[in-house]
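Visitor: I have a protein model open and would like to learn how to read it. Could we take it feature by feature?

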Amino acid sequence: MTDNDSAWGPGENPEDFPTRASRRRTGRDPGTGPISEVPRFADRLSPAPQAPQQGAQPEGHTEDTVRRPVLDIRFDESAHSVRTMSVPVVLPQQPPAPAAGSVAPAGSMTPAVSAPVPSAPATAPPTAPEVRMQPETGPGATTAVTTLPPVPSVPSTPADPPRQSRRQDSAEGRRRSFLASDNGTVPAETGFRGLLSRLGIRVAPSKRELVIRAHTRAVSQHWPGPRTISVVNGKGGANKTPTTVMLAAVFARNGGGPVLAWDNNETRGTLGWRTEQGPHNSSVMDLLPETSQLLAPSAQSALLARYVHHQTEDKYDVLRSKPDVLASEQKITADNFDALHEVASKYFRLNIVDSGNDETAERWLRMIHHTDQLVIATTTLEEHAEAGALLLEALRARGGKYAELSQNAVVIVSQSDKNGTAAQAQQIADGFAQLARSAVTIPYDVALLKGRIRWGALKPATQGAWLAAAAAVADGL
C-alpha cells in the first residue's frame, strides 16, 4: 500500500478536507457551497477589484490579490468562526502600505486601525469597531479581537433636560414658588377710613396715608455704618436747634437704635435748654477727657449714660455744650472733635450735629469733614435764607467733598412767624431749587417757639411735615 493508497474512503482523506488556503483558492466549501473570504490585514489596506463570480478566479489571480477596503467582521458564537459584515472604512492619508501578501512574523503585534467617524450635521452614525490583531499563536493562525468604541453620549433635548438644567431652571424662577408674595395691602388706619376699618369694614388707605407710610419706611431704615448729619446756617436764629431736635426725634422714634443730638456750638448753644435733662449736668467738656477710656475694647455702652442726656419720650440722647461759660473755656480743636466723633460713631448709629455760627472755627470745619448729609436750616426771613444760600455757594466753590455736600444738601424752611404764610415758605424753598437736592417746608407751630421741644406736643400737620423732611434727609444717606 502506497502513501496514496490509504484506508481512507473517498472524500475522507484529511488532505482532501477544505482548508482556509483551499477555500481562498476555490472560493467554495465542498460541504456548504460558496464561502466568504476571511480578510487579512494586508487585504484591508489595499484596493480590491471586483469580486469573482461563481467562485471562479480571474486570470492571473493569486493569494496576494488586493481586496476591497472593508472590515468584514462578525462572530459566530456557536463555532467561534468569523463571518462577514460590510462596514465602510475611511482611512486618513498614510505612507504606502506593505506589499500585498506580506505576513507579520509570528509573535509580532500588528498595529490597530481606527476608523474616524465622518462629521454629520445632526447625529453621527455609530463608529466602526476598532480591530486589534493579537499575536499569532500558530502557523498561519490569525485571531481577530474586536474592541468596541465608547458609547456616544446622547445629546439632551428640551423635552428631556438633564438634572443640572432642571436645577438651574428652578434657580431662575421658572418653577412656581410655594411661598406667597407679600402683596396684601394694610387697610386704612387713620381718619374716617381708619374708623371704618376698626369697625370691621376693610377700606383701602387714602393717598395721603400711603405717602405717610412711604416716609415712615424711609426714616426707619438702618444703614451700614454710622452716619453724621450736620445742621448749618451762618446766621443765628435760623432754627438750627429745633431742626436738630425734630430730626433726632423722627429717626429715633421710627428707626429705633441709638441716635445722638450733638451740640457743637461754642457760643452758648441752646440744645440743652430745649431738651430734657438727665440725672446729671455733664456736657461735651466732661466727655472729652474720657474718650480714650470709652474707645477701649472693654468699654461698655452703658458708661456713656454718664455724659449724655436721654430723652425718655422721643428715645434719643443729647450731648450738651456749656452755655454758661465763655467760648474760650470750651474750645474744641480739630483733634478733640475727631476723638469725640469717634466715640459718637462707636455708640450711635446716627449723629445729628447742631452747629454754631462761626464757620471758621476748627470744630465747625472738622464737623463738615465728617458730614455725610448736610442740612440747611432757615426760616421765612430773607436774611436767614440768604445766609444759607451763600453757605451752599461757598462750599460748592471749594470743590471736592464740599461741592458734593452742597449739591446733595436738604433745605428745611420753617415758618417761624405766625403772621407768615405757607406761600412765603414755599417761595423760599423754590429759591433753593438750583442750589440743593431738596427743599421742604414746615408750617408754623407754637410748640416749636420756646421751651422744651417734644414730638407729642406738635400738631398732626407739623408732625407730617417733619416726617417728610426727615425722609428727604434719609434719601441722601
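Guide: Let us begin with burial: a residue is called buried under 20% relative accessible area, exposed over 50%, and partly exposed in between, with a 1.4 Å probe and protein chains only. Glu276, for example, is buried, since its relative accessible area is 17%. Keep in mind that this is a predicted model, in which local features need pLDDT of at least 70 and side-chain atom pairs count only at pLDDT 80 or more, while totals for chains, interfaces and linings use all residues. Residues are numbered from 1 along each chain as its sequence is written, and side-chain values use heavy atoms, with hydrogens and water left out.

Visitor: Which residue forms a salt bridge with Glu276?

Guide: A salt bridge is a side-chain nitrogen of Lys or Arg within 4 Å of a carboxyl oxygen of Asp or Glu. The partner of Glu276 is Arg452, and the closest N and O atoms are 2.9 Å apart. Arg452 sits in the loop between strand 15 and helix 14, and Glu276 in the loop between strand 9 and helix 7, so this pair ties together parts that are 176 residues apart in sequence. The helices (H or I, at least four residues) and strands (E, at least two) are DSSP runs, numbered from the N terminus. Arg452 itself is partly exposed, at 34% relative accessibility.

Visitor: How many salt bridges does the structure hold?

Guide: There are five. Another of them joins Arg454 to Glu313, with the closest N and O atoms 3.8 Å apart. Because Arg454 lies in the loop between strand 15 and helix 14 and Glu313 in the loop between strand 10 and strand 11, the pair ties together parts 141 residues apart in sequence. Asp338 and Arg366 also meet in a salt bridge, at 2.8 Å from N to O, and this pair links helix 9 with helix 10, 28 residues apart.

Visitor: What is the volume of the second largest pocket, and which residues are closest to its centre?

Guide: The second largest pocket holds about 410 Å³ of space. Of its 27 lining residues, Gly237, Asn239, Lys240, Thr241 and Pro242 are the closest to the centre. Helix 6 makes the largest contribution to the lining, three residues.

Visitor: What is the phi of Asn239, and is the residue buried or exposed?

Guide: Asn239 has a positive phi of about 80 degrees although it is not a glycine. Asn239 is found in the loop between strand 8 and helix 6, and at 14% relative accessibility it counts as buried.

Key. 1 Å grid on protein atoms, 1.4 Å probe; cavity = no way out; pocket = protein on both sides within 12 Å on 5 of 7 lines; lining within 4 Å. Points joined across faces, edges and corners; volume = space filled by probe spheres on them.
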